[in-house]
Amino acid sequence: MGVVSFVAGLAFLLLGAEALVRGASRLAALLGLSPLIIGLTVVAFGTSAPELAVSVDAALSGQGGIAVGNVVGSNIVNVLFILGLAALIVPLTVDRQLIRLDVPLMIALSALVWLLSLDTRIGRTDGLLLVAGLLAYVGFLIWQGRREPEQDEALRGDERPTQRHWLWDAVWVAGGLALLVLGSRWLVGSAVSFAQQLGVSEAVIGLTVVAAGTSMPEVVTSIVAAVRGQRDIAVGNVVGSNVFNLMGVLGVASLVGPGGIGVPASVVNFDLPVMGVVAFSCLPIFFTGGVISRAEGALFLAYYVGYTLYLILDATGHDALPQFSAALASFALPLTLLTLLLLATREARRRTSNPAS
């Protein structure tokens with residue numbers, strides 16, 4: 001039964017992603033919005049529906065470790081695994097708006113959530129602040145998107161929207177989202193059951209199995225979008241999903257949970273800082289040439305593998321954990337920080353010598 005659920009869930013994810021990308025790209029033109037705005041809002045929030053459902057259910061059940069671990073783990077998966085894999089398949093072009101607004105916002109929100117979690121709880125007041133911020137962010141994106149000069153280009157000639165177009169594209173989007181949610185639910189359910197049988201803790205399940213499972217819609221959607229040439233949707237989906245996870249998923253979960261949601265000390269001390277570093281690592285990579293190259297994608301994937309291995313070794317109390325941690329701390333992380341610094345410095349010099357670029 002578990003194998004059947006896995007195969008059916010994967011098939012639903014593939015079909016749902018194809019339908020969602022097809023409908024969203026057409027809807028963007030009909031609404032006069034850029035694919036990036038649609039990727040940051042409709043696609044990103046839609047593919048984050050599994051994270052919202054899982055975290056809200058966990059918060060209502062008093063399982064704060066799963067609620068928070070799901071969001072933190074999903075954000076790490078979104079950047080390291082999804083962007084890494086998508087860029088490895090097709091180098092991704094990064095829109096300037098992401099560099100100037102959305103990625104800095106993602107970094108700031110990662111830091112804010114860590115600060116709110118220092119007392120090991122995200123309370124209802126914190127949740128209200130996060131949800132209000134999300135509403136303001138969405139309103140700004142829509143207002144900005146409607147002001148873009150390109151909007152009239154999509155509606156020229158015989159391409160003006162009709163009721164039939166609107167309804168048909170809305171059906172594609174809604175149907176794609178439904179398939180994504182159902183497919184990810186089947187995958188997550190079987191995976192969580194298996195992990196619990198192995199005696200893995202709530203926080204680790206949330207950071208790994210649940211996070212990877214609920215991120216499957218983003219994984220498939222971003223890859224399909226990249227292959228179909230909708231690269232703004234591919235990248236916007238990841239950044240928008242992370243923003244929605246931090247403000248929408250955590251905000252709503254802390255509002256409905258009794259007294260908010262508890263945050264395990266291990267998540268505060270390790271996983272939340274890792275999420276912040278991962279978010280920050282996007283900035284220099286994103287603005288160096290405006291492209292996420294295959295090499296940078298491979299680097300993201302390598303770090304996702306390293307992070308996952310660390311969680312597994314830590315959860316099982318493996319003897320190799322001290323050596324693995326020392327290798328990460330003394331070699332891999334400093335080397336990456338140095339590489340990012342060199343990339344940023346080189347790009348800054350290039351722009352100084354060529355201001356028109």
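**Labels and their cut-offs**

Modeller: Leu-60, Leu-128, Leu-255 and Val-256 make a nonpolar surface patch of about 340 Å². The model is predicted: local features need pLDDT of at least 70, side-chain atom pairs count only at pLDDT 80 or more, and totals for chains, interfaces and linings use all residues. Residues are numbered from 1 along each chain as its sequence is written, and side-chain values use heavy atoms, with hydrogens and water left out.

Colleague: What makes a nonpolar patch?

Modeller: Its residues have over 30% relative accessible area and no salt bridge, and nonpolar side chains (Val, Leu, Ile, Met, Phe, Trp, Tyr) are joined within 5 Å. A salt bridge needs a side-chain nitrogen of Lys or Arg within 4 Å of a carboxyl oxygen of Asp or Glu. Areas come from the Shrake-Rupley method with a 1.4 Å probe; for residues, only the protein chains shown count as cover.

Colleague: Why does Leu-255 count as partly exposed?

Modeller: Buried means under 20% relative accessible area, exposed over 50%, and partly exposed in between (1.4 Å probe, protein chains only). Leu-255 has 31% relative accessibility, so it counts as partly exposed. Leu-255 lies in helix α10, residues 231-256.

Colleague: How many helices and strands does the protein have?

Modeller: There are 13 helices and four strands. They are DSSP runs numbered from the N terminus: helices are H or I with at least four residues, strands are E with at least two.

Colleague: How do you know that the length of α12 agrees with its residue count?

Modeller: The expected span is 1.5 Å times one less than the number of residues. Helix α12 (residues 294-316) has 23 residues, so it should span 33 Å; its end C-alpha atoms are 33 Å apart, which agrees. Buried residues of α12 include Phe-300, Tyr-303, Tyr-304 and Tyr-307. Gly-317 follows α12, with a positive phi near 65 degrees.

Colleague: What about spacing along a helix in general?

Modeller: An α-helix has 3.6 residues a turn, so residues three or four places apart point the same way.

Colleague: What makes a nonpolar core?

Modeller: It is a set of buried Ala, Val, Leu, Ile, Met, Phe, Trp, Tyr and Cys residues joined through side-chain atoms within 4.5 Å. The largest one here has 78 residues, and Leu-92, Val-103 and Phe-286 have the most contacts inside it. Helix α10 gives the largest share of this core, twelve residues. Among the contacts of Phe-286 are Leu-83, Val-103, Val-235 and Val-239.

Colleague: Why does Val-268 count as buried?

Modeller: Val-268 has 6% relative accessibility, so it counts as buried. Val-268 sits in helix α11, residues 265-287. Its contacts include Trp-114, Ser-117 and Leu-118. Val-268 and Arg-121 are 147 residues apart in sequence, and 9.7 Å apart in space, C-alpha to C-alpha.

Colleague: What is the phi of Thr-120?

Modeller: It is positive, about 60 degrees, although Thr-120 is not a glycine. Thr-120 is in the loop between α5 (96-116) and β2 (121-122). Its 37% relative accessibility makes Thr-120 partly exposed.

Key. Patches are made of residues with over 30% relative accessible area and no salt bridge: like charges are joined within 9 Å, nonpolar side chains (Val, Leu, Ile, Met, Phe, Trp, Tyr) within 5 Å. Contact means heavy atoms within 4.5 Å.
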